[in-house]
Amino acid sequence: MKSYKFFGLALLGVLSLTGCSDFLDTENKSNANQNGEEFFKKHPDQLLTSSYYVFRNIVNMIDITDQGTDLYINARGADDGTFALYNFDPENGSVENLYKNCYNAINYANGVISYTDDPKLVGQATFLRNWGYYLLTQHFGDVPYVTSYIESSSRDYPRTPIAEIYPAMLADLEAVYNGGSLDATDHNGRASKQAVAALAAKVALAAAWDLGTTLTDEVKGTYTVTNPEMFRTAAAWAEKAINGVQLTMSFEQKWSPFNEGNAEEIFSIQYDRAGVPTNPTSSGHSLMYDYMGYYGNCVQTGHKGTKSGGTNSLSTKVMELFERGDQRYEGTFMTTNYNPELKDGVVGWGTDGYLAYYNCSASDLAKLPISVKFYPSYTTEAEALADLAARKTQTKKFATGTHGNNLPFACIMASDVVTLWYFNEDGSLQAKKTQETASFIKAGFASSPCVKKWDDPQSENVTASNCYRDIVVFHVSDMYLIAAEAYLLAGQEADAIKKVNDVRGRAGLAPLASFNAYETPYLTSNSYVYTPLDLILDERARELYAERTRWEDLRRTRQLVRYNLEFARSITSLDKMQNAQGETKWYRPIPAKEINNNTAMTIESQNPGY
């Protein structure tokens, strides 16, 4: 089933003749185009392959999907990025690429539907078309809604209200789900009935919020529910997507690179190093090298490294987000890094250094020298010291030329102060040091633990697109929390807390008797008022960290302004998220090229805030 992965590369040149050349603008067809049409009438599956392939350009966009929220900051003195500062405009490249790629994927999917009656191909194409529209509506709101293959040079595509798009999407997905053409489940990157249900759950939940609630105060994040019925619809779809799967495997096992395609995976974008026709160090994706602090030159230190010196590192809120006993902390972050041996002046890699965690046995790991050890914020100094004492043979500071990193240390990360112990040559610890967390992060080296969800144990020691982990898009525990949110907003709190407890129980946490029993583990201001929705969003933050859903979650639930004002390092006042006219940037801007090229749009068609 993975044979389709790289076939799209050879098709892109051909597809540009029949697909969108500039968003929704197409070129007139030539004889070559007509030949292309004949080819795809005979081989619509290859057009479908390219629709799948385009989503590769979308699912790893960490700037537009994560920045500008409460969970991520950039390390080593860098600002948090254009999207965190809310100073992007209609000419922003990431905005343009998201918009363009979604429409490319949609048009390829529409081409499949146009060229074939094969129900399985049509079912998959319908899923992909609606996934593209889901992403567009979440980021841009009203957008042109086109369900036919674009074969003319027409440029007249007006924005369609989401009140019309959402019902059409749900009708599409329901027809495919009930049509029986798709496999019940699929773990090889193809749409299935389960994937259709997962997408329908997200569409219905977004529709419930956008059409069935009214925002009353954006700063306080308050709203009224005017129509709970769509929330019940979202919950029903989420239950179908869960498909009876229980959360029995550990969180660590779920995200293990040796357990891809497990029972909790619903849909993923596939990668396969073995099938790469070109340079394997640059034909994968870069998620392995995102979501981390700065660890220096990876070739010199044996740690993995970021290209930009620390991208989407954990925020101070995240440092205190995980409660004591929550197995998702260790399952999400690499808390112990190992020093590599220098061999002929070159640092080890693979079974040495950072990747030793995956490629060495437990007994071997117990012998390797530790470079950096991170403890969660709830760890007491006595607990950390006891653990380090038990590892004394591993806590040695080695001379330069022996190991790749000569500054090994352990630390407790907290939102205000970092507590550090540097290692001595004999394995003993230097006197405790403390440093303000903000200064520690800004200073740079190893300022926060790396996210390990996307680690590829076979990745070479370079900071490039050489990660070949499948990118999971929909999975079962996400659906548990989608159901919980939908039940909560529908007024079914007992059903909602049960779903939350199922997720927390797998993480090793005790069940909550009610939403009011939850106490936030992180610091908040005196003006911050906890609501039951905060528990849902906290669980989503812990369960789906580094999965590029956070901005979408906060926009959908009306909490984008509230969370940025309370937790974001870059947002100190509401005006930072507004234009000069006081319009808040709840959506992304419609790209300037689209407004210029689309005769059905004018400058007045632009979203508020731009």
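**Exercise 1. Describe the open sheet formed by five strands, and work out which strands stand at its edges.**

Step 1. In this predicted model, five strands form an open sheet of mixed pairing in the order 7-10-11-12-13, where a strand is a DSSP run of E with at least two residues, numbered from the N terminus, and two strands pair if DSSP finds at least two bridges between them.

Step 2. Strand 7 (336-338) and strand 13 (433-436) each have a single partner strand and therefore stand at the edges, with one side left without a neighbour in the sheet.

Step 3. Strand 12 (residues 417-422) runs antiparallel to strand 13 and is joined to it by four bridges; the bridge partner of V417 in strand 13 is E436.

Residues are numbered from 1 along each chain as its sequence is written. Local features need pLDDT of at least 70, side-chain atom pairs count only at pLDDT 80 or more, totals for chains, interfaces and linings use all residues, and side-chain values use heavy atoms, without hydrogens and water.

**Exercise 2. Characterise the packing of helix 3 against helix 8.**

Step 1. Helix 3 (residues 44-54) packs against helix 8 (residues 119-140) at an angle of about 25°, their axes being 10 Å apart; helices are DSSP runs of H or I with at least four residues, and angles run from 0 to 180 degrees between N-to-C directions of axes fitted to C-alpha atoms over the stretch in contact.

Step 2. Helix 3 is therefore roughly parallel to helix 8, a term for angles under 35 degrees.

Step 3. The contact (heavy atoms within 4.5 Å) is made by P44, D45, L48, S51 and Y52 of helix 3 with L121, Q124, A125 and L128 of helix 8.

Definitions and conventions: Angles under 35 degrees count as roughly parallel, over 145 as roughly antiparallel, 65 to 115 as roughly perpendicular and the rest as oblique.
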